[in-house]
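Subject: Structure for you to look at

Hello,

Here is the structure I promised to hand over. Please open it first, then read my notes beside it.

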Amino acid sequence: MFHDLFSSKSKSKAAKPTPIALSTRVRLARNISRYPFPGRAESDQKKKVLKLCISALNGVDELKNGTVVEVDDLSELDRQILVEKHLISPELSQADESGGLFLSNDRSCSVMVNEEDHLRIQVLGNGLDFSSVWDTADCLDSHIESKLEYAFDSKLGFLTACPTNLGTGLRASVMMHLPGLVMSKNMDKVINAVNLLGIAVRGLFGEGSDASGSIFQISNQQTLGESEKAIIQRLKTTLDNIVEQETMAREKLMEDDGMRLIDKISRSLGALKCCYMIQSSEAMDHLSLVRLAADFGIIPERFRALADRMFIEIQPGHVQLSAGKAIEPGQRDHLRAEFIRKEFSRLPQINLDSVS
Amino acid sequence: MKCHHCENQATVHLTQIINGQMHKMDLCESCAQEKGVTNPDNLSISNLLDHGVIEAEKSVQGMTCESCGTSHQDFKKGGRLGCQACYHVFRPVLEPLLDGMHAGIEHAGKVPDRYAGEAVPEVEEEEQGPTIEEQCQEIKKELHEAVEAENYEKAAELRDLLKKLENESASLT
C-alpha cells in the first residue's frame, strides 16, 4: 500500500523537465519552544513532540489529504526508498524512535519530525524556480507557526540544533546536471569558486555522496545575517552563472571535438540498450549522457524525462522494491540491467541532422 | 595589515593555541619589542590581548547547560547544541564562531507573528535612515565586536570606514 502511494502519483504530476536545472528545493529548520532538540531529548520528550506535530500539522492546508508516516513503522527497505526519493534524509532514516514524515497529496511539500531539528519543512519544485517554491514554504511555515510555538530569539532568529542553520534555518538548493563542466574538467574550479561565496556543492544524495551522473546539489551555506530573499537571490545569481558556464562548456566540447562527444553519447545509449549487468553509478553516468543528448536535440526530448525518472528508479532500494524483496548486489545489477534494457528499448539512433 | 596596538604596519605575526583555541595577533616591530614578544620563552598572547575573549573561553570551560545537560565539551565535539537555553549559556564562545560561519551575526529574516511586535520599532528606525553619528556608533560597536572575535581584517576595514565617516561629518560641519 505504502509503495503504491509513492510511485503512482509522483509520475502524474511530473512537469516537463528542463535542461541543466532538475529541481529546486527549500528547507526550513524549526524547533518547538521549551523542548530540547531531538539529539538531546529523552524518548518520551520526542514522543510528545511527534504527538504535538501530528495534531498541529493535521489542520494545515498544504498537507490536507496527505500522508503521515511514522519512521518506526517502516522496514529498512522502505526507509531506503524514501531516501532515494529525497523524501527523508539519511539521518531521519536511521532515527531509532519517534521520527515522522508528513507528505502533501501532490508530494511537493513534506515535513520531517525529530530529525536533527524538531521540524524540517521542505518544498520541492521543478526546474529552477525559487519564487514559487519559497512562497509555498513561507506559507506552510507560517501556517505551522500559528499552531506551534517555535524556538526563536530576536537577535539570533530561529534556534537550531546546529549553529550552521541558525537564523533563517533556510537551505535553498538546486539539483544541477553539469556534464559539460565535468567533461571539460572545470568542475573543481567551479566548486572552489562558489565555496568562496558561501555556497556548497554536494552529490545527488547530499552530504558525502559522490557526483555520479554529473548531478550536483548546490545550496547556500550561510543562514544568519541576511534575509531569506537575499540568501536566495545570492544563490540564484551564482546558479545563473553556473548555467551559463555549463552551456558554454557544452558548446565548446561540441566545437572542439564533437565527433568524440557524439561517440561517447552513442556508446552510452548502446550500453543502456544492451547491458546485462550494471551498477547504479555506471548506469547514472550513461543516463547523464542520455539527458545531455536530449538537451542537444539529437534524441527526442521525451527521453530527458525518462532519464530523470530512471536516476531514482535504478537506485538499489528501488530495484529491490521491484523485485519484491531484498536481494544480493550481484543479482541486483542483473535485475537493474533488465529493467534498463526494457525502458530504453525504444531509444532511437542519434539523429545528427538535428544538431544546430 | 596594521599593528594590533598602534597604526604601524604589522611585521610580527603570532599564533598561539590556548585551551585548544587558536589566537592570532599582528604587531609592529616596536610594539613587539615593547611587549617582549621577541623572547618566546615568556610569551603569552593572553597577556597581550586587551579584551575578554580568553576570559569568555575560560568562563564557559567546564560549563554545562542546566536545562538539557549539554556541556561545552559536547558542543565542541559534536558541533550541536541541545536546546534553546544552550544559545544563552554558550553565547560567549558562539558569537566568534557565528561570525566566521555566516554573513552576519544578527537575524535579518522572517520573524514569527508572536514576536513581530518586538521587531516593528527597529524597522521604523531603519526607514528614517540613520544619521552619520548613528552610523559611527554602529560601526564602533561592530568594530568592538570584530576585535572581540579577533577578526582583525574586518576590524581594519571598519576602522577605515569609521575614519572616512568622521572626516565626512567634519567636512559637513
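**Where the two chains meet**

The contact draws on 30 residues of chain A and 27 residues of chain B. Two helices of chain B, α6 (91–101) and α7 (113–128), each give at least two residues to the side that touches chain A. Sort that side of chain B by class and you get 14 nonpolar, eight polar and five charged residues.

Keep in mind that this is a predicted model. Its scores are ipTM 0.82 and pTM 0.76.

**Chain B**

Chain B has two strands and nine helices. Along the sequence the pattern reads β-β-α-α-α-α-α-α-α-α-α. The chain has 173 residues, and 20% of them count as buried. Now take the contacts in chain B with a separation of 6 or more. Residues 24 or more positions apart account for 38% of them.

How confident is the predictor here? The mean pLDDT of chain B is 76, and 71% of the residues score at least 70. Among the elements of chain B, helix α5 (residues 86–89) has the highest mean, 94. Helix α2 (residues 45–48) of chain B has the lowest, 52. Look also at residues 119–127 of chain B, where the pLDDT is below 50. Beyond near neighbours in sequence, that stretch has two contacts in the model.

**The sheet of chain A**

Next, find the open sheet in chain A. It has eight strands, in the order β2-β3-β4-β5-β1-β8-β10-β9, with antiparallel pairing. Its edge strands are β2 (67–70) and β9 (199–202) of chain A, and each of these pairs on one side only. From one strand to the next, the twist averages 20 degrees.

Start with β4 (residues 109–113) and β5 (residues 119–126) of chain A. Five bridges pair them in the antiparallel sense. One to find on screen: Met112(A) has Arg120(A) in β5(A) as its bridge partner.

**Strand β10 of chain A**

Now move to β10 (residues 215–220) of chain A. Is this strand buried or exposed? Six of its six residues are buried, so β10(A) is largely enclosed by the rest of the structure. Both of its faces are covered. On one side sit Ile215(A), Gln217(A) and Ser219(A). On the other sit Phe216(A), Ile218(A) and Asn220(A).

Which strands pair with β10(A)? β8(A) does, in the antiparallel sense, over five bridges. β9(A) does too, running antiparallel and joined by four bridges.

**Helix α10 of chain A**

Helix α10 (residues 302–313) of chain A has 12 residues. From its first C-alpha to its last it reaches 17 Å. That is close to the 16 Å expected at 1.5 Å a residue.

Which residues of α10(A) are buried? They are Phe303(A), Arg304(A), Leu306(A), Ala307(A), Asp308(A), Met310(A), Phe311(A) and Glu313(A). These buried residues pack against β1 (21–30), α9 (280–296), α11 (316–323) and α12 (329–343) of chain A.

Arg302(A) also belongs to helix α10 of chain A. Why does Arg302(A) count as exposed? It has 12 other C-beta atoms within 10 Å, and a residue is exposed if that number is 12 or fewer. Leu166(A) is 136 residues away from Arg302(A) along the chain, and their C-alpha atoms are separated by 42 Å.

**One more residue to check**

Lys47(A) sits in helix α2 (residues 43–58) of chain A. With 14 other C-beta atoms within 10 Å, Lys47(A) is partly exposed. That class lies between the cut-offs for exposed, 12 or fewer, and buried, 20 or more. Lys47(A) and Cys162(A) are 115 residues apart along the chain. Their C-alpha atoms are separated by 21 Å.

Best wishes

Technical notes: Residues are numbered from 1 along each chain as its sequence is written. Chains are lettered from A and ligands numbered from 1 in the order in which they are written. This is a predicted model: local features need pLDDT of at least 70, side-chain atom pairs count only at pLDDT 80 or more; totals for chains, interfaces and linings use all residues. Two residues are in contact if their C-beta atoms, placed from the backbone, lie within 7 Å. Ala, Val, Leu, Ile, Met, Phe, Trp, Tyr, Cys and Pro count as nonpolar, Asp, Glu, Lys and Arg as charged, and the others, Gly among them, as polar. The expected span of a helix is 1.5 Å times one less than its number of residues. pLDDT is the predictor's confidence in each residue, from 0 to 100. Two strands pair if DSSP finds at least two bridges between them. Axes are lines fitted to C-alpha atoms, for helices over the stretch in contact, and angles run from 0 to 180 degrees between N-to-C directions.
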